[in-house]
Amino acid sequence: MMQFYLAYQPIIDFFLLSVGFGYSQQIALRAGVFSIATAGFAALGSYCVAILATKTGIPIFLTVILGTALAAAVGGVLALPLARLRGAFQAIATLAFVQIILSLLLYGEGFTGGALGIVGIPREVNTWILLAVVAVTMYVLWNIGRSGMGRVFNALRQEESVASSLGVNIGKYHIIAFILSGALGGLFGGLQSLYTFQIEPHNYGFAFIVNILTVVILGGRTTLLGPIMGALIMALLPEIARPLAENRQAVNGVILILVITFLPNGVGDEIVFWFRRRKQARQQQKRASEKEARDAVSTS
Amino acid sequence: MPSLHLDNVAKHFGGLKAVDEVTMEVRPGEITGLIGPNGAGKSTVVNMISGVLALTEGDITVDGVSLATDRADVVARKGVARTFQNIRLLPEATVLENVLIGFHRREEASILSQLLGLPSARRDTQRFEEKAWDLLRRFRMEDYAEYEAGNLAYGHQRRVEMMRAIAAEPDIVLLDEPVAGMNDVESDELATIFRELAESGMALLLIEHNVGFVTRLCKQVYVLDSGRMIASGSPETVTSDPQVIAAYIGTSGH
């Protein structure tokens, strides 16, 4: 067990961080918000923690809380100008937001270290901490799923006009979705900077955006299992495809196309849906046989 | 129980007067009919009442409180619910989940207690589920509770919409062609439910172009043609009105 852990530790850690970022991306998509701002939130959290941890003496856990709060607050504010945008327009606007954050990090050299980033961040985060934070995150998301907020998010994603005809304040719930997405992005960004020793703006660029979107699209947009399956595939794929060396990217692409074509809801969501359908079919069968029994009694 | 008033309401799209000078009252405990041929402006009236479309002129009030400038969700929270002419369900959600969202404005738990899964959030969900099952039984839909709403037959989808609209016990319900595409048995079942709802004190506005269904159910009927109110009164007076007959059958003899 220990040997397994040591050999695969970097992959496990990468997996856990991807799950966290995946949830940040997912909560927005789930509420019908086509935001790809997670990269920006992650950068904010990550830099906030890195700067506070290297330049001040405040306790590490406090830096993470501040980083999370900063990204959440920025998320809430970002929701306001984007309130009227939907779909592709929302995606482009949030992409612009990420660009703004990245250029601020690049040009704020005195503060952020510019293109070289920040080095010497204390390595305070390990697999167990990541695991614990992912578990707490899942618990909160599970609560959302079973509460009125989860119902509202599902309604907004599927048919906005219905939600508003039933009294849902769309703007308010989009703000909540952005705040939650910001908080999760900032939280895991902060953890990442306390894990990697060094960060630079480049870490949160286009590759990051594509990776996190892939996690959610491969895994699933609505279930807790979604980002886990997505991140698992993204973490294991390079290992499995190692012999293919430079063709790895091509294999990634092919797998993505196959999943989108044949499992459009994502691997994780499809698994959950399959179990749900099976349960429904059983209940149906049970009801049918009960009815048959009743009919048999009444005719005899 | 409050009633709904439309006072000289108009909706103009540029030079086109889709609805003009419409005045009507929807009283509690009654089913009020709004009929008219296709394109008469019936759905425009519903969309103005429910806050989807802004008024060009006039005022809409519930018990003296104006709804005229409210957003759709604010109108809903003031107790005015609606169904849609083209059925709008949450297609991926089950029938039960579709009904549950109808309880939204009765939610009491705060955002924070929902995030933390506190008892108040769980109580909300439990309370709504119990009431949702009552509704499912009343509409004889309990066998379909776990079905994805998008896969249901047309008549059943209509019922899901209806359950969702009345879940939060609104004062006023706007029913936009609720029996379109249903057979006689199905529409009779719904007629019974509409009567029960009215008897419980709700004010129902029934929008239809099927005159027969409306005359059987309504005490007061308004007739809209080309955006204008051409007649109003009891079903008998309205259906014998020459203008109404002309609007429905046409005057050029085809």
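Over all chains, the structure holds 19 salt bridges. The model is a predicted one. One of the salt bridges pairs R157(A) with E92(B), with 3.3 Å between the closest N and O atoms. This pair joins two chains, because R157(A) lies in helix α7 of chain A and E92(B) in the loop between β6 and α3 of chain B. The largest pocket has a volume of about 1600 Å³, and the structure also contains three cavities of 30 Å³ or more.

**Chain A: overall architecture**

- Chain A comprises 13 helices and zero strands.
- Read from the N terminus, the order of elements in chain A is accordingly α-α-α-α-α-α-α-α-α-α-α-α-α.
- The C-alpha trace of chain A spans about 90 × 50 × 35 Å along its principal axes.
- Chain A has 300 residues, of which 48% count as buried.

**Salt bridges**

- In general, side chains of opposite charge can pair when their charged atoms come close.
- Within chain B, D73(B) forms a salt bridge with R71(B), and the closest N and O atoms are 2.8 Å apart.
- D73(B) counts as buried, at 3% relative accessibility, whereas R71(B) is partly exposed, with a relative accessible area of 46%.
- R140(B) and E189(B) also meet through their side chains in a salt bridge, at 2.6 Å from N to O.
- R140(B) lies in the loop between α5 and α6 of chain B and E189(B) in helix α7 (residues 184-199) of chain B, so this pair ties together parts that are 49 residues apart in sequence.
- R140(B) is exposed, with a relative accessible area of 54%, while E189(B) is partly exposed, at 25%.
- A network of salt bridges links D20(B), E21(B) and R228(B).

**Largest pocket**

- The lining of the largest pocket, which has a volume of about 1600 Å³, consists of 48 residues; the closest to the pocket centre are R30(A), G145(A), N154(A), R276(A) and E97(B).
- In chain A, the elements that each supply at least two lining residues are α1 (2-30), α6 (127-146), α7 (148-158), α10 (206-219) and α13 (267-299).
- In chain B, α3 (95-100) and α5 (119-138) each supply at least two residues of this lining.
- α13(A) provides the largest share of the lining, with eight residues.
- By class, the pocket lining divides into 17 nonpolar, 16 polar and 15 charged residues.

**Largest cavity**

- The largest cavity holds about 60 Å³ of space.
- From chain A, S165(A) and L166(A) take part in lining this cavity.
- From chain B, the lining includes A76(B), V80(B), A81(B), G102(B), R105(B), R164(B), A165(B), A168(B) and P170(B).
- Two elements of chain B, β6 (80-82) and α6 (154-166), each supply at least two residues of the cavity lining.
- The cavity lining has seven nonpolar, two polar and two charged residues.

**Nonpolar surface patch**

- A nonpolar patch on the surface is formed by F61(A), L62(A), I65(A) and L66(A), which together have about 370 Å² of accessible area.
- I65(A), one of the patch residues, lies in helix α3 (residues 60-79) of chain A.
- The relative accessible area of I65(A) is 46%, so this residue is classed as partly exposed.

- Most residues other than glycine have a negative phi.
- F197(A), although not a glycine, has a positive phi of about 75°.
- F197(A) is placed in the loop between α9 (170-196) and α10 of chain A, and is partly exposed, with a relative accessible area of 48%.
- E177(B) likewise has a positive phi, near 50°, in a residue other than glycine.
- The loop between β7 (172-176) and α7 of chain B contains E177(B), which counts as buried at 7% relative accessibility.

How values were computed: Residues are numbered from 1 along each chain as its sequence is written. Chains are lettered from A and ligands numbered from 1 in the order in which they are written. This is a predicted model: local features need pLDDT of at least 70, side-chain atom pairs count only at pLDDT 80 or more; totals for chains, interfaces and linings use all residues. Side-chain values use heavy atoms; hydrogens and water are left out. Patches are made of residues with over 30% relative accessible area and no salt bridge: like charges are joined within 9 Å, nonpolar side chains (Val, Leu, Ile, Met, Phe, Trp, Tyr) within 5 Å. Accessible areas come from the Shrake-Rupley method with a 1.4 Å probe; for residues, only the protein chains shown count as cover. A salt bridge is a side-chain nitrogen of Lys or Arg within 4 Å of a carboxyl oxygen of Asp or Glu. Helices (H or I, at least four residues) and strands (E, at least two) are DSSP runs, numbered from the N terminus. Buried means under 20% relative accessible area, exposed over 50%, partly exposed in between (1.4 Å probe, protein chains only). On a 1 Å grid over the protein atoms alone, a cavity is a set of points where a 1.4 Å probe fits but cannot get out, and a pocket is an open set with protein on both sides within 12 Å along at least five of seven lines; lining residues have an atom within 4 Å of a point. Grid points are joined across faces, edges and corners, and a volume is the space filled by probe spheres set on the points. Ala, Val, Leu, Ile, Met, Phe, Trp, Tyr, Cys and Pro count as nonpolar, Asp, Glu, Lys and Arg as charged, and the others, Gly among them, as polar.
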